[in-house]
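Me: I would like to learn how to read chain and domain interfaces. Can we work through one case?

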4 protein chains.
Amino acid sequence: MHLGLIGLGKMGANMRARLREHGIDVTGYDRNPAVSDVADLAALKAALPAPRAVWVMVPAGEITDSVVTELADLLDEGDLVIDGGNSRFTEDFAHAEVLAARGIRFVDAGVSGGVWGEEFGYGLMVGGADDDIAELMPVFDALRPEGPREEGFVHVGPVGAGHYAKMVHNGIEYALMQAYAEGYELLAKRTDLISDVPATFKAWQRGTVVRSWLLELLVDALEKDPQMDDIEGYVEDSGEGRWTVEEAIANAVPVPTISASIFARFVSRQDDSPAMRAVAALRNEFGGHSVKKAPAGE
Amino acid sequence: MHLGLIGLGKMGANMRARLREHGIDVTGYDRNPAVSDVADLAALKAALPAPRAVWVMVPAGEITDSVVTELADLLDEGDLVIDGGNSRFTEDFAHAEVLAARGIRFVDAGVSGGVWGEEFGYGLMVGGADDDIAELMPVFDALRPEGPREEGFVHVGPVGAGHYAKMVHNGIEYALMQAYAEGYELLAKRTDLISDVPATFKAWQRGTVVRSWLLELLVDALEKDPQMDDIEGYVEDSGEGRWTVEEAIANAVPVPTISASIFARFVSRQDDSPAMRAVAALRNEFGGHSVKKAPAGE
Amino acid sequence: MHLGLIGLGKMGANMRARLREHGIDVTGYDRNPAVSDVADLAALKAALPAPRAVWVMVPAGEITDSVVTELADLLDEGDLVIDGGNSRFTEDFAHAEVLAARGIRFVDAGVSGGVWGEEFGYGLMVGGADDDIAELMPVFDALRPEGPREEGFVHVGPVGAGHYAKMVHNGIEYALMQAYAEGYELLAKRTDLISDVPATFKAWQRGTVVRSWLLELLVDALEKDPQMDDIEGYVEDSGEGRWTVEEAIANAVPVPTISASIFARFVSRQDDSPAMRAVAALRNEFGGHSVKKAPAGE
Amino acid sequence: MHLGLIGLGKMGANMRARLREHGIDVTGYDRNPAVSDVADLAALKAALPAPRAVWVMVPAGEITDSVVTELADLLDEGDLVIDGGNSRFTEDFAHAEVLAARGIRFVDAGVSGGVWGEEFGYGLMVGGADDDIAELMPVFDALRPEGPREEGFVHVGPVGAGHYAKMVHNGIEYALMQAYAEGYELLAKRTDLISDVPATFKAWQRGTVVRSWLLELLVDALEKDPQMDDIEGYVEDSGEGRWTVEEAIANAVPVPTISASIFARFVSRQDDSPAMRAVAALRNEFGGHSVKKAPAGE
């Protein structure tokens, strides 16, 4: 199997390495010539046997859009494009359509595992036609973790289903992280009782109900920085959590923990909350409760 | 009617003024001789006709506890103590018992209205025996707003019921404030669309579904400080919101908006969130997402 | 002033009545000939002096879309269309564009007040060009409540701003309703303490911090049905609450109480919660906790 | 080492078995003679070498209180009582005091692992004096899972610390379960995209960020009942989640996901929500929105 791979950032480069280690030929293309195997997309096309399989691993949104558009122009009928980035599942429908107009097939692949995937394999959720998925199985088998295939790979459904599943996966992930984080704060608050917060998390790794990979990562983080002194409580989000809430709303599914997790991230990024200014102002109006004056010059 | 009134802080002094304006004789006692009508509690007792009615208007918790204990020792059988402070309703049961042991009657009164109560009257929710409430009606009628009695006063039930109702009132209040505050932030965020946030709130005062007294207060606050520049998004809480959530939990009542409101206040008082440090650390562990380093010396 | 009014359902018919009572000529059109003043849109056009002003008061979404499209074909350059329905503000941009292509002007109007508006006036939030708003002021003044104009009417900003403000208004409204509802449940739960729940709400109408129009409506509802026996805890939503959360997410604004309110409505409409089945199944797996078996045939 | 064990229900009996398999002598007592090793507590005392170690494994609350009280009367100075049940950490302080008055030592142990603990070991979090913990290490080592001691056992701090950590553990557990459950509902809702929900969860077990023991249990549950048809969305709670929220409130720690999880359980147990009746009634009042009439006779 010979795969084209567009996008050799942190994730893409790791995946190229893992694919090659598992016997897949990979020709990678990146705008950065220092990491690219070929000079341009035309060279990528030329390097691949027809029908070609080209895996796109670039930032979701405009960049993925433009790469898909380029590939629609460049590739031949019967070729196959896989979007392994974090695209919103609704974008898959548009991408599939653009490509289908040229007779090019499309598969979407949700990829989980982060920087650990190169070593341990990536959790894969894919959407597309049965035949297309079958054709790509050597690639998926190379990328997924050791062990039974069905524990690290799933053909979820038609185009879009892979990214839908990945979106939900990430929504869950947000809430799991928030859950541990709330527990961390509860433990850290009671220094009178909890003599060693990192040791407490460490001891939850075996036998408990809350044991998980995220817990192990938290244990690792606390070993490096036991008081979490070196880090600020400022958390970005990369979109999937927002989309999950939006889908939940569109489908009338209550998601109180997932939404709470994304809101907590929003708050973490505010220097001062406009909403809480309004609450402070209101309290002052009816109760004469004193307010904190904003520092001069703010 | 001649009432003893213990505690002449902001609320107590205002209430004394309103009571006197409405024809109730009041002898007030405060530890601060500058505002007190009598030198000590013994003098207060001596000034009142038996059976005495003594309204306690001091901070809830230890101070109310100690005043009630003192009154249990001081007063005579058949006297009547009213706790008009923000005591937790569960404390009423203990206070009533301490006083009953000396044959002293007890009534609890939830009082709403803040600094505006002197002028417009106080919303009153009281708990206690029918005869005791009946005896105090002149006082309640003087304190409550003009208009039909049943629109500003209620005998909620037995001892504790007044403070329970007031606790729920304040829980609701927290969530109402938070609701307007979220709306404020949503309006303030879209400066491209909303040319004048204060004018928008002002226009909601008539005809809309959200019109309320809190809305009027928010309009007043925005007139003084249209950008909310002079105020920090830091909000204290005085206990009733917490008790409301605790009671909800004790009674298996879901209170998602009330709890969200109290949590938003907790967050508003944190310089940096330990929980969000943990989330940031976790993201860094699995995704190699960059974190914000805490400033040196923090 | 002579206004065309399309859509004579509950809201439209009430508005026609109020406009006429306040000296505005109205020619109304509805698909239902029993309530329509004219036979069709062509007749509506013919009845109005140029430049025409046509107020659209039909369900948001497809129906508003199709009416706007028809009007774009029908009306003349210089005419003016007002969308007074519950359209999402993002739709206003599209509608304005369609109309502008024909030289037709567009104003969006958020209208609050429900069935009470005919008698007491409607709270109005409008978006559009200054000149267009100025031209329509007689209509707005007829619709809005008595009292200072700025307490029941606001020109919020450009096209879309009126519906944005109305959307936020409704988001707040959802959370306010939920707040009172949580308080209701807390009071209703403690029958040992709260001898009369309706009387407690009734007494909050004067002097308290939580007094509002919604509170008055709740008092009315409890007078008709003191135990809320005749009603099911099943609550629809009409879109604005969802859009508010979606906008909040798009703008990284935390809205915990508004989202909690919409989720509570979603849950209220479920016979059984798939999520809670999953939780029950999980508890059973790790703890051997018994589960409730679904009734046979479910 | 010879341990007394009071309470041979599901958990206690499993623990007795595991302890014996790992070389600890256990004399167990239960009110149910069919499972008890001795006839009564006096016989239990007689069977144990002094200083005795007696592990209490009975339901938290009144039953644990009464057992501790009995042991305070029965045991000798220098003996040691361990509470391995799900007691609230605040109760540990009282129990320790009662026992200390008789010179009896006390250790609290939070035990996680449910029905799986017998086979795989129990996660242990203990609180107490260093010497007492040291004395009990053979017992803890027998109960905890294989592997490094610090990954399945922790001496958290003084008396109460073990149960505090266990309480937080369970609070986290509630939110983790709710997170997966929300994801389940989101997947199950889109039958157009997700052709096989159980297979999707199964595939998350390797390589993904959300892999965990709870996920494995959910996979097991879905294998037995792929549509979750046999189970009702009705979820009890055993107290720790409530206590976690109460502690959070007492310490001003925001816990939006943990509280959302417990509220979701409360809602799951309601046939009809009083709060949502109030919302439905309010909507009807202002908007004339139709309500669902409760079935006659309800």
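**Reading the interfaces**

Reply: Start with the C and B pair. In this predicted model, 75 residues of chain C are in contact with 75 residues of chain B.

Me: How much area do chain C and chain B bury between them?

Reply: About 6200 Å², with 68% of it on carbon and sulfur atoms. C:Leu186, C:Arg206 and C:Val209 supply 12% of the area that chain C buries against chain B, more than any other three residues.

Me: How many salt bridges cross the interface of chain C and chain B?

Reply: Four. In one of them, C:Arg206 pairs with B:Glu151, and the closest N and O atoms are 2.7 Å apart. Polar contacts are a separate count. Between chain C and chain B there are 26 residue pairs in polar contact, both residues at pLDDT 80 or more.

Me: Which element gives the most to the side of chain C that touches chain B?

Reply: α7(C), with 18 residues. By class, that side of chain C divides into 39 nonpolar, 22 polar and 14 charged residues.

Me: What about polar features between chain D and chain A?

Reply: The salt-bridge count is four. In one of them, the side chains of D:Glu151 and A:Arg206 meet at 2.7 Å, N to O. Across the interface of chain D and chain A there are 26 residue pairs in polar contact, both at pLDDT 80 or more.

Me: How do I read the symmetry of a pair?

Reply: Two copies of a chain are related by a rotation about an axis and a shift along it. Here, a rotation of 180° with 0.0 Å of shift along its axis superposes chain D on chain A, with an RMSD of 0.1 Å. That is the relation of a two-fold axis. The same surface serves both copies: 99% of the contact residues of chain D recur in chain A.

Me: Which residue of chain D comes closest to the rotation axis?

Reply: D:Ser212, with its C-alpha at 1.9 Å.

Me: Let us go inside one chain. What does the domain assignment of chain A give?

Reply: Domain 1 (2-158) and domain 2 (167-287). The C-alpha centres of these two domains of chain A lie 32 Å apart. Eight residues of domain 1 of chain A are in contact with eight residues of domain 2. The two domains of chain A bury about 730 Å² between them, 60% of it on carbon and sulfur atoms.

Me: Which residues of domain 1 of chain A lose the most area to domain 2?

Reply: A:Arg88, A:Phe89 and A:Trp116, together 62% of what that side buries. One salt bridge is counted between the two domains of chain A. A:Arg88 forms a salt bridge with A:Glu246, the closest N and O atoms being 2.8 Å apart. Three residue pairs are in polar contact between the domains of chain A, both at pLDDT 80 or more. The side of domain 1 that touches domain 2 in chain A has three nonpolar, four polar and one charged residues.

Conventions
Residues are numbered from 1 along each chain as its sequence is written. Chains are lettered from A and ligands numbered from 1 in the order in which they are written. This is a predicted model: local features need pLDDT of at least 70, side-chain atom pairs count only at pLDDT 80 or more; totals for chains, interfaces and linings use all residues. Side-chain values use heavy atoms; hydrogens and water are left out. Copies are superposed by least squares on the C-alpha atoms of residues with pLDDT of at least 70 in both. Contact means heavy atoms within 4.5 Å. Buried area is the accessible area (1.4 Å probe) that two parts lose on being put together, summed over both. A polar contact is a pair of N or O atoms within 3.5 Å; within protein, one must be able to donate a hydrogen and the other to accept it, and residues adjacent in sequence count only if both atoms are side-chain atoms. Helices (H or I, at least four residues) and strands (E, at least two) are DSSP runs, numbered from the N terminus. Ala, Val, Leu, Ile, Met, Phe, Trp, Tyr, Cys and Pro count as nonpolar, Asp, Glu, Lys and Arg as charged, and the others, Gly among them, as polar. Domain bounds come from an automatic or database domain assignment.
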